[in-house]
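Subject: Structure for you to look at

Hello,

Please find the structure below, with the sequence. My notes on it follow.

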Amino acid sequence: MVLGELTVVVLAGLATALATGLGALPFFFVDDVNDRLNVGLWGFASGIMLSASVFGLVSEGLAAGGPTVLAVGLAVGVALVVVSDRVLSGTEIHPRRYEEASFKKLVLILGVLTVHSFPEGVAIGVSFADLPLGEGVEALGVTVPVLAVFITGAIAIQNVPEGIAVAIPLQGLGVPRWRIVWWAVFSSLPQPVGAALAYLFVQTAREFLAVGFGFAAGAMIYLVASELVPEARSIGRELPRNGTPELLAGLCCGVLLMLPLSFV
């Protein structure tokens, strides 16, 4: 395995983690983010994740192993996230606790964050499965598959509203802005790790590639249904019609943005 290929995968995961920090940048200029905009961003992120999962990962999984194998991967992806959530159900960490955390608590926080962001890193790593082959986009002397570009971009965009969600309570505590950016990025640091491990797995056990595609798709779709959409609904509860128009508008825009993936 060429070290340069793994480096590209890790850098892609790191880029998505850094994108979470972008969610904190508006607080350098304003003290709050409009709820309508925030709901729209969560809807936009949901649409992007759904499109990337269905048009990208599911499509590749069908081509690699067929519907039965893909279904196994989908079920495993959903089940693992559900079980992980239940195991850590009593240890949910609110961002406002970051600043008060001891080293032991930071380890716990990172463990909880891993449950939520590791599957996204897995999706990145799996999308790079054909990295040494075929056509794509040149990066660091390596031809990156178009699917990997779309998935990485989708997760990076999805991380922006997550960064806002981390930044809002920290802003209310008066945490310095650059430290808010750091904590936002910190919340997504498991993604490059997940990307590297998933890539190494599909490269050494390619017979499980279709399962890997299904796992990543199932985990992402479940995260949209269990976290992204409920978060948007929670933010929009004070808006007219509970923010449903803003959520649907963002969702549609996200789907349309990623629609070209279905023609790749």
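**Helix packing around α8**

Helices α2 and α8 are roughly antiparallel to each other, a label used for angles over 145 degrees, where under 35 counts as roughly parallel, 65 to 115 as roughly perpendicular and the rest as oblique. The angle behind this is about 165 degrees, and the axes of α2 (residues 35-65) and α8 (residues 209-235) are 9 Å apart. Axes here are lines fitted to C-alpha atoms, for helices over the stretch in contact, and angles run from 0 to 180 degrees between N-to-C directions. Helices (H or I, at least four residues) and strands (E, at least two) are DSSP runs, numbered from the N terminus.

Before going on, two points on the source. This is a predicted model, in which local features need pLDDT of at least 70 and side-chain atom pairs count only at pLDDT 80 or more, while totals for chains, interfaces and linings use all residues. Residues are numbered from 1 along each chain as its sequence is written, and side-chain values use heavy atoms, with hydrogens and water left out.

Back to the helix pair: α2 passes α8 in a left-handed crossing, meaning that the near helix is turned anticlockwise from the far one by less than a right angle; clockwise would be right-handed. The residues of the contact between α2 and α8 divide into 19 nonpolar, 5 polar and 3 charged. In that division Ala, Val, Leu, Ile, Met, Phe, Trp, Tyr, Cys and Pro count as nonpolar, Asp, Glu, Lys and Arg as charged, and the others, Gly among them, as polar.

Helix α5 (residues 146-172) also packs with α8, at an angle of about 25 degrees and with the axes 13 Å apart. That angle makes α5 roughly parallel to α8. The crossing of α5 past α8 is left-handed.

**The two helices themselves**

α8 has 27 residues and spans 38 Å from its first C-alpha to its last, close to the 39 Å expected at 1.5 Å a residue. The expected span is 1.5 Å times one less than the number of residues. α8 has a kink of about 40 degrees, centred on V224. The bend at a residue is the angle between axes fitted to the seven residues ending there and the seven starting there.

α5 has 27 residues and reaches 40 Å between its first and last C-alpha, close to the expected 39 Å. Its kink, about 25 degrees, lies at V160, shortly before the proline P161. α5 is mostly covered, with 19 of its 27 residues buried; buried means under 20% relative accessible area, exposed over 50%, and partly exposed in between (1.4 Å probe, protein chains only). After α5 comes G174, with a positive phi near 80 degrees.

**The chain as a whole**

The protein chain has 9 helices and 2 strands, in the order α-α-α-α-β-β-α-α-α-α-α. Of its 264 residues, 48% are buried.

G163 lies in α5 and counts as buried, at 0% relative accessibility. G163 and V185 are 22 residues apart in sequence, with 7.6 Å between their C-alpha atoms.

P119 is in helix α4 (residues 103-127) and is buried too, at 6% relative accessibility. The C-alpha atoms of P119 and A198 are 9.5 Å apart, across 79 residues of chain.

L25 sits in the loop between α1 (3-22) and α2 and is partly exposed, with a relative accessible area of 31%. From L25 to W178 the C-alpha separation is 8.7 Å, and the two are 153 residues apart along the chain.

T68 belongs to helix α3 (residues 67-87) and is exposed, at 61%. T68 and A210 are 142 residues apart along the chain, and their C-alpha atoms are separated by 9.6 Å.

R241 has a positive phi of about 55 degrees although it is not a glycine. Phi of N242 is near 60 degrees, again a positive value in a residue other than glycine. R241 is exposed, at 67% relative accessibility, while N242 is partly exposed, at 36%.

Regards
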